[in-house]
Amino acid sequence: MSSPDPQVRAARNQSTSSARPRARGPVVAVTGAASGVGALLTERLAASDEVRQVVAIDERRGECAAAQWQILDVRDPAIAEKLRGADVVVHLALDLDLETDAAARTAYNVRGTQTVLTAAAAAGVHRVVLCTSAMVYGALPDNELPLSEDAELRATAEATGVGDLLEIERLARRAPRAHPGLNVTVVRPAVLVGGVDTALTRYFESPRLLVVAGSRPAWQFCHVDDLCSALEYAVLEKAEGELAVGCDGWLEQEEVEELSGVRRMELPSAVALGAAARLHRIGLTPSPAGDLAYTMYPWVVSGSRLHDAGWRPKYTNEEVLAELLEEVSGRHTVAGRRLGRKDATAAGAAGATVALLGAAAVVRRARKARRRF
């Protein structure tokens, strides 16, 4: 279906805005408003009686008729003029696509965040809300279960996009010092589910759940609807600072396998990590070996600040896992690389992961070497 004529759209905007009494709440600008979480949040805020106006910023116009649209790249310094009159900016224009060139992705994410923070300060905005990920805490064997918001950020830049997120966190800490009067809130979701494509959601597209021997996985999910409600809390200043968001509690690997009905395939750590690193290096898989850490060790968050403010997740981990499994049904991914149905059938469900990782060959060579002694 073709989109409405711009004049018709403008008339609809005016009609919608005049139909609803103007609230006394903040004017909120949302970047990345045309798709994904940005589109969902824009719709949510536009329907809220606690928000006076939503300014939607993206490189293309989205579907929300009640928002005031500004079409431009967030790296354009002209964004400062578009933010004048806004009280809060929610910056969601991030590129975390697995298939994007890493250098280009970093240039977009970091430069975009720098520009938005500087422009917000110049425009007199008093609060910026940034969204990173609970991945910034790092996935480590000695992590507490759960982690508090104040836990040290111990992640490294070895996993997809995490280096960008750590740099955004650094910019968030520095911004209030560089721009007095500008407050910054950072929201860190757990494994995000609901129309998103990440290395962690692709993990559940595999014919077998890869488990690294000796690891201690703990799975905590965050539905996109819950993320949007948490972002709304930040916008309305019901909670501030660093906010971790996710379902209450977590699932052990055995529970995930029982709920999903997908069996595990266990590999030695050296085999799994070494093969993943080699295949990523030669371009066969989009996920670096660092992504595996987030399937090996816990990085569960408590979300205590949001809970103290009265926020509660709508979804449980079990419900979000069920939605994720339904979402990925029919997709075939091995080591982070999507396979067509023909490729997946040829590889065979039982051996596909081993075949792609090259682990079977590594294991066979190791066994032959041991038999020689």
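1. A disulfide here is a pair of cysteine sulfur atoms within 2.5 Å. By that cut-off, the structure holds zero disulfides.

2. Some ground rules before going on. The model is predicted, so local features need pLDDT of at least 70 and side-chain atom pairs count only at pLDDT 80 or more, while totals for chains, interfaces and linings use all residues. Residues are numbered from 1 along each chain as its sequence is written, and side-chain values use heavy atoms, with hydrogens and water left out.

3. Back to the cysteines. The closest cysteine sulfur to that of cysteine 228 sits in cysteine 131, 9.0 Å away, which is too far for a bond. Cysteine 228 is also buried, at a relative accessible area of 3%; buried means under 20% relative accessible area, exposed over 50%, and partly exposed in between, with a 1.4 Å probe and protein chains only. Cysteine 64 is buried too, at 5%.

4. Cysteine 228 belongs to α7, where it is one of the buried residues, along with others including Val224, Leu227, Tyr233 and Val235. Helices are DSSP runs (H or I, at least four residues) and strands likewise (E, at least two), numbered from the N terminus. In α7, 11 of the 12 residues are buried, so the helix is largely enclosed by the rest of the structure.

5. How far apart are the end C-alpha atoms of α7? They are 16 Å apart, which agrees with the 16 Å that its 12 residues should span at 1.5 Å a residue; the expected span is 1.5 Å times one less than the number of residues. After α7 comes glutamate 237, with a positive phi near 60°.

6. Now the pockets. On a 1 Å grid over the protein atoms alone, a pocket is an open set of points where a 1.4 Å probe fits, with protein on both sides within 12 Å along at least five of seven lines; lining residues have an atom within 4 Å of a point. A volume is the space filled by probe spheres set on the points, which are joined across faces, edges and corners.

7. The largest pocket has a volume of about 1,100 Å³. Its lining has 41 residues, with Leu94, Asp95, Leu96, Leu192 and Val196 nearest the centre. α2 gives the largest share, four residues, and α7 is among the elements that supply at least two.

8. The second largest pocket holds about 290 Å³ of space. It is lined by 22 residues, and Ala102, Arg105, His280, Pro286 and Pro288 are the closest to its centre. α4 (102–122) and α5 (162–178) each give two or more residues to this lining.
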